[in-house]
Every structure is written in C-alpha cells, then in structure tokens.
Amino acid sequence: MWKSIIVVITMTLVGCEFSSHPNEDLFDDYLQRIARVQGQDALLVEKGDAVTIPDKRELYIEIEPLSIGLLDSYQLRNCGLFELIAEKNSIMGKVQDPFRDFDYQNSLIAGLQHCVNNPQVDVELRNQLSIILAKKQQHIASHFANLLFASDAMRNQFAPNGWIDQRQQAFPNQLITAFDVLLQTARSFNQPYSLDASFHPITVHQETLDKAPMLGKLWYSLTMSTAYLNTVTRQLNFYDSRVVCKVNRDKKQFRYLNNVFNRTYVTEVQPYLANLDKLYIQIEPLAKLLQTAHPDYQYPLVSAHQAFRKATLDHVQYWQSLFKRCGVSVGQ
C-alpha cells in the first residue's frame, strides 16, 4: 500500500514539474523547430532575473501627519466639512486603506476649497483652513502614489503572475474605465481647482482593479516574449552562414527554414506578438503615468514594451535579410 502511495505522489510531482503555459510552449516549439532544421542544439533562453515589484514597505511614502480638529464646528457645518472630518476622526476612519484614504483626501480638499470661499466662515478660520488646504494639495500626489504602489488591489494588478492568454484580445471594459479614472485623477493635480469640478471617487473601482489583474500579465508576457525572440534571433544569426542560397547548391535548409517561418512564425507567433502590442497601445497613457507617479520607482511597462518592439524588429530584420540573400520574397 505504501509503495502505491509513493508511486502516485511521484507521478504527480513529475507531472507538475514539466507543466508549462501554452504560450511558453509556442515559443519553445518555434526555437526547437529552427534548431532541428539547423541540426544544432537550441540556445538557452536567457530570461534574466525574476520579474517582480519591490516590497510594499519600500514604495510606501511617509506623509507628514496633518491633524485637523473640529475647529469651529458650527462654522464648518455651514460649509459641509464637519461631517467629513468627524468621520475621518472615528475609529473606522483612522484605519482606511489607501483607496479610501485617497478619496477622503480629495473630498477634504474640495471641502476646504468651499470653506475658504464661503463668506459665512469668519476670516480667521478661513486663513487657518487656507494653510491646511495648501499642505493637503502638496501631499495629494503622494497619497496617489501610495494608492498605486502600496495598496493591495493595485499590487495585485501590477503583479507579473503569468502570461496573457492568446484569446485575450482586449482589456475588459470595466478595467479600462478604472484606468481612465486613474489617469483623469493624476491629470487633475496639475490643473487649477474649480468649485464646479466633479470629483470621481476611485474606491468604486477598487474591486475591478483587484480582481482583474492584467497589467502585470502584460508586463510578464512582453518580457518573456522578448527573451524568447532574442534567443531565436541569436540562434538564427549564429548559424546563418550555413544556410546556402547559391545557384546549383542544395537549398534544403533554406526551404525548411522558410517552412518554419510561414507555418510557425507567421501563423502562430506573430499574431500573438501583434496582440500584445495592441493591448499595450490600449493602456499606453497609463503605462507612461506609472513612470512618473512615484518619486523613486518606475513601473517598467514602458521599458518592457520598448525592449519588446526592438526584439520584434531585430527578429523581422533577420528574416528579411535571409530572404533577400536567397532572392525570395517574404512569405513565399
């Protein structure tokens, strides 16, 4: 009986050990097909260091605490600020996550603006509130950075937890809406405040950002695709001199490589690469924002896409040079 159990466990572990994602199988098959045509061993794919994001504690920005008491509660009631401050000073208000805290900070800034411009509030109190308002406006970008890089929801969104599926042709609409709100919020920091401006709470999008993690998958997929493309291109270049294209010489290896190009790259690999590029273009404004939203960290989606584009171009240029050398149009 014990032997049977050991055999079952061993078989299970072996099965897990060799499992891989279909996208990884796709690139590996492409590399292996080319290596077989060349009659050579496939080069080792240099995937680099593990794709990770820094620890939350490294990215959290400490913000100078600025306590707002109830001051003159009667006058604060006149401009709608009393209830907001009282809620923040409650037990639940003091343990808000970065999403709710950011919405509170935005609501507080809006409330302070109304109070500062409200003639029913006496001048001395308005002067006090103006000082608080100026400091809150200085801090709001840091609160936003904490929301992006220190909240559990966004860290789930950014986590590189695997490949994007080949069937994923677009980001979900709810996620795009959430991304747009993040962008509009960041842009508002550099715009003069208007009393008529509408405030878009971010907390309502927290669950979507948490439960539909796509940015990290895109980052991972771009990075891994780049590693495989660079390896295949090195494989092709390393043994390129052995591909014969002269008249009255055996062109068998070129014909086989041409078959791999048409049957594997054109029909399977290239469509996936094009889809990754399309997905990136969908969220490029957000990717650029994530380069500047934190003073000490750049989420590397833009750089991953740049490396991906270069790897794709280098790979295509090899095939173009090979077909030109052999006097064949691409795709024939």
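I looked up Asp 314 and found it partly exposed, at 26% relative accessibility (buried is under 20% relative accessible area, exposed over 50%, partly exposed in between, with a 1.4 Å probe and protein chains only). The model is predicted: local features need pLDDT of at least 70, side-chain atom pairs count only at pLDDT 80 or more, and totals for chains, interfaces and linings use all residues. Residues are numbered from 1 along each chain as its sequence is written, and side-chain values use heavy atoms, with hydrogens and water left out.

Next I checked the partner of Asp 314. Asp 314 forms a salt bridge with Lys 310, with the closest N and O atoms 2.9 Å apart (a salt bridge is a side-chain nitrogen of Lys or Arg within 4 Å of a carboxyl oxygen of Asp or Glu). Both residues lie in helix H13, residues 301-325, four residues apart, about one turn of the helix (helices are DSSP runs of H or I, at least four residues, numbered from the N terminus). Lys 310 is exposed, at 52%.

How many salt bridges are there by this rule? I noted 10.

I then looked at Arg 33 and Asp 29, whose side chains meet in a salt bridge at 2.7 Å, N to O. Both lie in helix H2, four residues apart. Arg 33 is partly exposed at 36%, and Asp 29 is partly exposed at 27%.

My last entry is the salt bridge between Lys 47 and Glu 24, at 2.6 Å, N to O. This pair links distant parts of the chain: Lys 47 is in the loop between helix H2 (22-38) and helix H3 (56-59), and Glu 24 is in helix H2, 23 residues apart. Glu 24 counts as buried at 18%, whereas Lys 47 is partly exposed at 34%.

Note on methods
Helices (H or I, at least four residues) and strands (E, at least two) are DSSP runs, numbered from the N terminus.
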